[in-house]
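Please look over the sequence and the model first, then read the points below.

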Amino acid sequence: MASAPASERIREEATCSICLNLMAEPLSISCGHSYCQLCIEDFLDKHGHQQQPLGTYLCPQCRAPFRRTSLRPNKQLGNLIEAMKELNLEITCKKHGEQLHLFCEDEGWLICWRCERSPEHKGHVTVLVEDACLGYKKDLQEAVTNLRELEKECMHRKAFVTEQITEWNRKVELQRQKIQADFKDLHSFLQEEEKSYLWRLEQEKEQTLNVLRDNEASLVHKTCELESHIQDLEDRCQGSAQKLLQDVRGALKRSRAMTLDKPEAPSLEIQTVCDVSELYFDVTQMLRDHQVNVTLDPDTAHRGLTLSVDQRQVTMGTPQHDVGKSCGRFTAYPCILGREGFTSGRHYFEVYVGEGIQWEIGVCREDVKRDIRIRLNSQSGFWGIRLCRKEGYEALTSPPTSLPLRERPLLVGVFLDYEAGAVSFYNMTMTSHIFTFPRTSFSGKLRPYFHVHPCSPLFLPPPDE
């Protein structure tokens with residue numbers, strides 16, 4: 001008979017780790033472990049939804065990946081198991097060499113009949129191995145089921161965490177892009193403000209220098225005049241008595257009439273000052289410090305436009321035939337101007353475009369052509385931006401400049417710096433810069449203008465909103 005340790009090892013190797021019985025029709029997988037044919041196939045069916053990448057499964061013992069196609073019958077192991085059954089090869093007691101047919105419930109060990117009669121197990125509850133096996137087999141199978149459920153929950157949690165990692169990386173990337181875009185907009189805004197302030201400083205410099213240079217030229221002229229009189233008087237004093245007395249009273253009168261006019265004294269305190277930190281931290285407030293109350297001028301409205309009672313909203317609809325005659329009315333395009341005109345200074349107003357699908361807003365010269373169809377752009381006196389169905393957002397340069405906006409503007413701000421020759425547009429929904437036209441030299445009056453399209457009403461919010 002085989003020794004107890006050897007027989008234990010043989011039985012362990014021949015035991016299926018899934019059902020914990022001697023293997024029936026054993027199948028081997030690529031890692032070398034073997035299982036009952038029914039056990040491994042049932043395992044594959046139950047874990048089909050947990051397949052690893054490339055259609056692989058994990059070995060129940062070593063977790064090594066394997067494919068269903070790697071299953072192979074293990075005939076040698078099958079023959080060995082059959083031989084074990086024929087020889088009734090069992091584990092024997094290490095102390096007595098007897099077969100372990102009993103199970104001690106108190107100790108939880110396999111024992112032989114001699115162990116049962118020994119003092120060590122006196123009074124203990126013992127049962128036949130076959131009887132104990134049925135109960136514990138059920139317990140072990142329940143434990144396996146519980147562990148499988150725990151493993152399943154673990155896999156679900158792992159998948160959830162993986163999704164969280166992906167989602168978190170996506171959110172971080174979107175936030176990174178937003179931060180970069182916001183700072184790009186801020187840089188653009190600050191650059192435009194820098195140009196404006198530098199231009200105004202240069203204008204202030206030239207104005208003051210012109211006054212100072214005029215004063216300087218006047219003083220040079222007065223100096224020459226004084227030197228001429230001084231020289232004349234000195235020549236009289238050094239000459240003969242006749243020369244000194246000749247028209248002496250006239251010379252004295254002319255000398256006494258000489259005065260020094262006080263030149264214009266311009267202030268040498270620089271008026272063009274800029275608080276960069278204020279611009280940086282509150283762009284919106286800076287713009288709204290120059291906000292003006294703009295309303296619509298019905299005398300310029302195309303007859304296809306309808307105005308609200310407060311003259312702040314305009315829509316395009318059925319043409320009206322009872323509108324009064326006006327030489328300033330638009331007839332070529334469905335446009336309308338604001339009542340207010342600007343000939344100097346800095347001015348800002350806002351237009352609510354909402355979910356409109358097509359619109360055009362900005363400022364224009366008051367003398368633009370209104371009765372013929374022309375290209376509305378900066379060359380023809382229109383400085384604006386628009387939303388087109390096909391082209392998207394554009395600035396009315398020549399040719400048009402495409403504006404790839406990240407966020408849809410619902411409220412658009414229009415900023416005019418007349419002296420600096422600048423017209424800028426802002427997405428006030430996100431407080432970001434949209435576009436600034438190249439610097440130009442304005443002349444004459446500029447007025448807000450609005451090109452209205454069907455299903456896209458425009459609204460002018462009051463400044464306090």
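Leaving aside its neighbours within four places in sequence, which residues is serine 196 in contact with? They are Arg346, Asp417, Ala420 and Arg439. The model is predicted. The chain is divided into domain 1 (6-87), domain 2 (169-274) and domain 3 (284-320 + 328-459).

**Domains**

- Domain 3 is made of two segments, 284-320 and 328-459.
- Between the C-alpha centres of domain 1 and domain 3 the distance is 78 Å.

**Helix H5 and serine 196**

- Helix H5 covers residues 129-238, and serine 196 is placed in this helix.
- Serine 196 has a relative accessible area of 3%, so serine 196 is buried.
- Phenylalanine 342 is 146 residues from serine 196 in sequence, and the C-alpha atoms of the two are 18 Å apart in space.

**A nonpolar surface patch**

- Phe160, Val161 and Ile165 make up a nonpolar patch on the surface.
- Together these three residues, Phe160, Val161 and Ile165, have about 280 Å² of accessible area.
- Phenylalanine 160 belongs to helix H5.
- The relative accessibility of phenylalanine 160 is 48%, so this residue counts as partly exposed.

**Cysteines**

- The count of disulfides is zero.
- For cysteine 16, the closest cysteine sulfur is in cysteine 19; the two sulfurs are 3.9 Å apart, which is too far for a bond, because a disulfide needs sulfur atoms within 2.5 Å.
- Cysteine 133 is in no disulfide either, and the nearest cysteine sulfur, that of cysteine 19, is 10 Å away.
- Cysteine 16 is buried, at 0% relative accessibility, whereas cysteine 133 is partly exposed, at 36%.

**Backbone features in loops**

- The peptide bond that runs from serine 398 to proline 399 is cis, and its omega is near 0°.
- Proline 399 sits in the loop between strand E15 (392-395) and strand E16 (401-402).
- Leucine 20 is a residue other than glycine with a positive phi, near 65°.
- The loop that holds leucine 20 lies between helix H1 (4-14) and strand E1 (26-28).
- With a relative accessible area of 42%, leucine 20 is partly exposed.
- Aspartate 247 is also not a glycine, and its phi has a positive value near 50°.
- Aspartate 247 is in the loop between helix H6 (241-245) and helix H7 (248-257).
- The relative accessibility of aspartate 247 is 45%, so aspartate 247 counts as partly exposed.

**Aspartate 371**

- Aspartate 371 is placed in the loop between strand E13 (359-365) and strand E14 (382-388).
- Is aspartate 371 buried or exposed? It is exposed, because its relative accessible area is 57%, and exposed means over 50%.
- Beyond its neighbours within four places in sequence, aspartate 371 is in contact with Thr331 and Ala332.
- Histidine 453 is 82 residues from aspartate 371 along the chain, and 18 Å separates their C-alpha atoms.

Conventions
Residues are numbered from 1 along each chain as its sequence is written. This is a predicted model: local features need pLDDT of at least 70, side-chain atom pairs count only at pLDDT 80 or more; totals for chains, interfaces and linings use all residues. Side-chain values use heavy atoms; hydrogens and water are left out. Helices (H or I, at least four residues) and strands (E, at least two) are DSSP runs, numbered from the N terminus. Buried means under 20% relative accessible area, exposed over 50%, partly exposed in between (1.4 Å probe, protein chains only). Contact means heavy atoms within 4.5 Å. Patches are made of residues with over 30% relative accessible area and no salt bridge: like charges are joined within 9 Å, nonpolar side chains (Val, Leu, Ile, Met, Phe, Trp, Tyr) within 5 Å. Accessible areas come from the Shrake-Rupley method with a 1.4 Å probe; for residues, only the protein chains shown count as cover. A salt bridge is a side-chain nitrogen of Lys or Arg within 4 Å of a carboxyl oxygen of Asp or Glu. Domain bounds come from an automatic or database domain assignment.
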